[in-house]
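Keep the viewer open as you read.

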Amino acid sequence: MVSVIPKYSLASSSNGEKITIPLIGLGTAEYPFGSSSKSMKDIILQAIQIGYRHFDSASVYQSESPLGDAIEDAIKLGLIESRDDLFITSKLWCNAAHHDLVLPALQKTLKNLKLEYLDLYLIHFPVSVKSSETEFPVKKEDLVPIDINSVWEAMEECKKLGLVKSIGVSNFSIKKLELLLSKANILPAVNQVEMNPLWQQTKLREFCKEKGILITGYSPLGASGARWGSNRVMGCEVLKEIAQKKGKSIAQVCLRWVYEQGVSVVVKTFNKERMKENIDIFDWELSEEERHKISQLPQHKGYPGLEFIWDQGPYKAVEELWDDHI
């Protein structure tokens with residue numbers, strides 16, 4: 001049986017079309033990037049069979065082409081009726097975060113995905129590099145200041161051209177959002193940021209809610225498999241106790257908590273059983289006491305973004321990249 005994942009309404013498109021985003025998406029980032037590209041297509045097909053309809057990609061992940069192949073196969077196999085049944089997100093990498101490079105980068109992404117449009121296109125980081133390479137980590141000597149307003153203007157143009165239904169950002173602090181909003185004609189639909197019970201992003205969530213920007217949380221389980229991740233979330237005793245009491249997994253407790261905050265979430269697992277488990281969070285809820293315990297957990301940011309910090313670059317300390325949100 002295919003699970004049905006609830007959806008959230010984003011701001012309507014310019015032609016009045018109502019846009020909805022499934023509240024749980026499957027992440028496709030596997031570090032080192034491209035390491036799972038051979039099996040990625042089958043993983044995505046499996047996820048579609050289980051009920052996932054939102055897939056989160058990025059040019060730097062090297063997952064766009066296998067995702068495109070999977071979409072093509074899913075239609076042929078009758079798993080979905082058309083591409084319109086899916087919500088596809090991708091992201092602009094730092095090497096293309098320059099006004100004149102945004103549209104060519106999106107066109108390349110669409111070519112990789114074999115799609116005519118994206119549902120959501122995000123600026124991956126508030127970072128620009130002068131290299132032509134789509135690489136991570138970036139070379140520090142290539143770091144240059146980002147002109148957020150001119151890059152956003154180019155993102156707006158992509159939306160006006162009908163190549164993307166919604167545009168947004170990722171890893172943006174309140175300060176950087178304020179800068180973008182000061183000149184934006186189209187508001188970001190989404191800000192995708194790290195969020196889990198140990199990094200709750202309360203201030204940023206309040207700001208985004210006030211502005212009508214949906215938060216999408218990444219690393220809801222602490223990204224234990226990532227090069228920067230840790231077992232801090234999955235090893236948390238408070239979460240472990242709640243999970244045992246509820247007869248749920250720690251992952252389910254984390255995902256249910258994120259969902260109860262009124263945001264969407266992207267979670268990455270390539271294991272079939274965990275894929276099923278991660279979307280089995282909608283017919284139960286956390287108690288008032290459990291929510292209170294989670295609200296009291298000590299906060300610790302997982303991803304510091306050290307790859308973008310350089311004493312001769314635009315961000316000389318992590319505090320400058322994330323502003324006061326670290």
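What follows goes from the whole chain down to a few residues.

## Ground rules

This is a predicted model, so bear in mind that local features need pLDDT of at least 70, side-chain atom pairs count only at pLDDT 80 or more, and totals for chains, interfaces and linings use all residues. Residues are numbered from 1 along each chain as its sequence is written, and side-chain values use heavy atoms, with hydrogens and water left out.

## The whole chain

The protein chain has eleven helices and twelve strands. Both are DSSP runs numbered from the N terminus: helices are H or I with at least four residues, strands are E with at least two. With a radius of gyration of 19 Å, close to the 20 Å from the globule rule for 326 residues, the chain is as compact as a globular protein of that length. (That radius is taken over C-alpha atoms, and the rule is 2.2 Å times the number of residues to the power 0.38.)

Along the principal axes, the C-alpha atoms fill a box of roughly 55 × 50 × 40 Å. Of the 326 residues, 55% are buried, where buried means under 20% relative accessible area, exposed over 50% and partly exposed in between (1.4 Å probe, protein chains only). Take the contacts (heavy atoms within 4.5 Å) with a separation of 6 or more: 71% of them join residues 24 or more positions apart.

## Around H124

UniProt, in an unreviewed entry, places the feature "binding site" at H124. UniProt positions are given in the numbering used here, feature names are shortened, and annotations may be inferred rather than shown by experiment. H124 sits in the loop between strand 6 (118–123) and strand 7 (128–129), and it's buried at 6% relative accessible area. Beyond residues up to four places away in sequence, H124 touches A58, V60, Y61, K91, L92, W93, S170 and N171.

N171 belongs to the loop between strand 9 (164–170) and helix 5 and is buried, at 2% relative accessibility. Q192, in strand 10 (residues 190–194), is buried at 4%. Its contacts, leaving aside neighbours within four places, include K91, S170 and N171.

Most residues other than glycine have a negative phi, and most peptide bonds are trans. N171 isn't a glycine, yet its phi is positive, about 65°.

The peptide bond from F136 to P137 is cis, with omega near 0°. P137 is in the loop between strand 7 and strand 8 (143–144).

## Helix 5 against helix 6

Helix 5 (residues 174–181) and helix 6 (residues 202–211) pack at about 20°, with axes 10 Å apart. The axes are lines fitted to C-alpha atoms, for helices over the stretch in contact, and angles run from 0 to 180 degrees between N-to-C directions.

On the helix 5 side, I174, L177, E178 and L181 meet K203, L204, F207, C208 and K211 of helix 6. By class, the contact has six nonpolar, no polar and three charged residues. Here Ala, Val, Leu, Ile, Met, Phe, Trp, Tyr, Cys and Pro count as nonpolar, Asp, Glu, Lys and Arg as charged, and the others, Gly among them, as polar.
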